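Please load the model in a viewer and keep the selection panel at hand. The stops below proceed from one selection to the next.

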Amino acid sequence: MTGRLQRKVAIVTGATSGIGRGIARAMASEGARVLVTGRTAEGGETTCRMIREAGGEATYWRQDVTAETDWSPTVAQARRVYGGLDILVNNAGFAVMKPIESLSLEDVRFELAINFESCFLGTKHGLAALSDSGGVILNTASVASIKGGLMSTAYAPSKAAMLAFTRAAALEARRDGGRVRVNAILPGFIWGSQVARFGEERANALRTATIARTPLGRVGEPTDVASMAVYLASDAAKAITGAALFVDGGIGL
Amino acid sequence: MTSRVAGKSIIVTGSTWGIGRGCALALAGEGARVVITGPDAEDEPGRSALAEIRSAGGEAIALIQDVREEASWRHVLERTQEAFGRIDAVINNAGRAILKPIEEMTLDDVRFELTLNLEGCFLGTRFALERLNAGGVVLNMSSVAALRGSVGSTAYGPSKAAILAFTRAAAQEAIRDARGIRVNAILPGLIWGPTVVMKLGAEKANAMREQAIARSPLKCVGDPADIAHLAVFLCSDAARGINGATLVVDGGATI
């Protein structure tokens, strides 16, 4: 079977769980060879095992996306193991949710570093490698990029920064005949691994409230985001750059 | 002349020059008591802004401030309270634009932009929500760069988009409070002032001006006064129905 990403090489950050794992698995099932990155080896190896069991190819690589020194080795590893780089998914992220009076400047900086600076670093270091292949960069932003929510005065700005970055980087990537496309995906509330942090009761309350406010009447799953990522990374999306694509069941409307 | 903001005590950060200065002058002209802040508030830029307000019969003080420092914020808020006995609005205007292609942009550049533009705004809003009077106003200066990408703005654009998202989230939190504090953002387009020429040099600045005029449906570039008029309105009680809003002042360039 020929997949839509046959023989492409992808780096997916934060692929040790949740949405990132979903994207890695979906890309691998379409024929991509995936470098699964993140800080937790156990989660990364689990993602790789799932991919291999389904007949795909993947390797775990330990990476802290906020450390600039980790980026060149990560790009080099993809080239060494799989011979190139076609797709970079800046997916790693974290949500610190607190009311502003309890939010410290350190919380704000943590959010900016893990969500946005990681995306800046990945793009800065990935662009040159991708330009050989006319590759694709995907940034996992959030519906919080465009819509306020309680307890998101640190999270939402970091995700909005990713969106504005995507637009500016998309223009820069096309200078001097560059062929790299840069797009952002904006998931709504996704029922993934980070939900576990809320505890079962709060998570279920959030789920019920989200379903009630979502035009499609459901909460998203990592596979919903992964389907969009596969599409945007494929040649079918060759006309799309600098775009912000919602996968939120309409909650951003 | 009716004063829409008469008697209100308003802090304008980064107001020794440019848009901030324009806002300070306009607010003072409408009878507000204004706090001019900036790292150079006690040097010529601050002194001349103060003199201009006072010679027109307005009331103002100038305070040195680094908006990135919590201690500096506490100092400014305390001195404002002492001078005017109340705080009605904080305009988080201080900011700077680092414009470079991504291959030359360093993580330090990115952090500088985030710290000055977003974190300054975060601290100002957090302290303002603690101290503002009922009906108080927080006004954050974003930019059309938050909405539209441009070459060279992979650090500036995100920092201004972060201000926009911050404004929306903070506005939702502020309405939980009985004081009815409103949080809004203004998105200026290219605003023409001496700082543009100073930073870019005459040739590059004029090229940018020509391009902006060509792109603008109104065939003009903005002036600090254009932003100031909106700031006066948003700080006034007439804008009591406006919260979490993001208002573009760019002559229609982003339409």
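Begin with the two chains displayed together, bearing in mind that this is a predicted model. Select the residues at which the chains meet: 37 residues of chain A are in contact with 34 residues of chain B. On the side of chain A that touches chain B, α4 (105-131) and α5 (155-172) of chain A each supply at least two residues. Helix α5(A) provides the largest share of that side, with 15 residues. Colouring this side of chain A by residue class gives 21 nonpolar, 8 polar and 8 charged residues.

**Chain A as a whole**

The C-alpha trace of chain A spans about 45 × 40 × 35 Å along its principal axes. Of the 253 residues in chain A, 55% are buried. Among contacts in chain A between residues at least 6 apart in sequence, 74% join residues at least 24 apart.

**The sheet of chain A**

Now select the strands of chain A. They form an open sheet of 7 strands in the order β3-β2-β1-β4-β5-β6-β7, with parallel pairing. At the edges are β3 (57-62) and β7 (244-247) of chain A, each of which pairs on one side only. Neighbouring strands of this sheet are turned by 20 degrees against each other on average, direction ignored.

Zoom in on strands β1 (residues 9-12) and β4 (residues 87-90) of chain A, which pair in the parallel sense over 3 bridges.

**Helices of chain A**

Then return to α5(A), the helix that supplies the largest share of the side facing chain B. Within its own chain, α5(A) lies across β5, β6 and β7 of chain A and runs at about 160 degrees to β6(A).

For helix α6 (residues 200-213) of chain A, 14 residues at 1.5 Å a residue should span 20 Å; the end C-alpha atoms are 20 Å apart, which agrees.

Move to helix α7 (residues 222-233) of chain A, whose 12 residues reach 16 Å from first C-alpha to last, close to the 16 Å expected at 1.5 Å a residue. Helix α7(A) is mostly covered, as 9 of its 12 residues are buried. Among these buried residues are A:V225, A:M228, A:A229 and A:L232. The buried residues of α7(A) pack against α1, β4, β5, β6 and β7 of chain A.

**Chain B**

The C-alpha trace of chain B spans about 50 × 40 × 35 Å along its principal axes, and 52% of its 255 residues are buried.

Select the strands of chain B to display an open sheet of 7 strands, ordered β3-β2-β1-β4-β5-β6-β7 with parallel pairing. The edge strands are β3 (59-64) and β7 (246-249) of chain B. Within this sheet, 4 bridges join β1 (residues 9-12) to β2 (residues 33-38) of chain B, which run parallel. There, B:I10 stands opposite B:V34 of β2(B).

**Last stop: B:L129**

Show both chains again and select B:L129, found in helix α4 (residues 107-131) of chain B. Why does B:L129 count as buried? The reason is that 21 other C-beta atoms lie within 10 Å, and the cut-off is 20 or more. Leaving aside neighbours within four places in sequence, B:L129 is in contact with A:I100, B:A174 and B:I181. Finally, draw a distance from B:L129 to B:M198, 69 residues apart along the chain: their C-alpha atoms are separated by 35 Å.

Key:
Residues numbered from 1 in each chain as written. Chains lettered and ligands numbered in written order. Predicted model: local features only at pLDDT ≥ 70, side-chain atom pairs only at ≥ 80, totals over all residues. Contact = placed C-beta atoms within 7 Å. Nonpolar A, V, L, I, M, F, W, Y, C, P; charged D, E, K, R; others polar. Pairing = 2+ DSSP bridges. Axes fitted to C-alpha atoms, helices over the stretch in contact; angles between N-to-C directions. Expected span 1.5 Å × (residues − 1).
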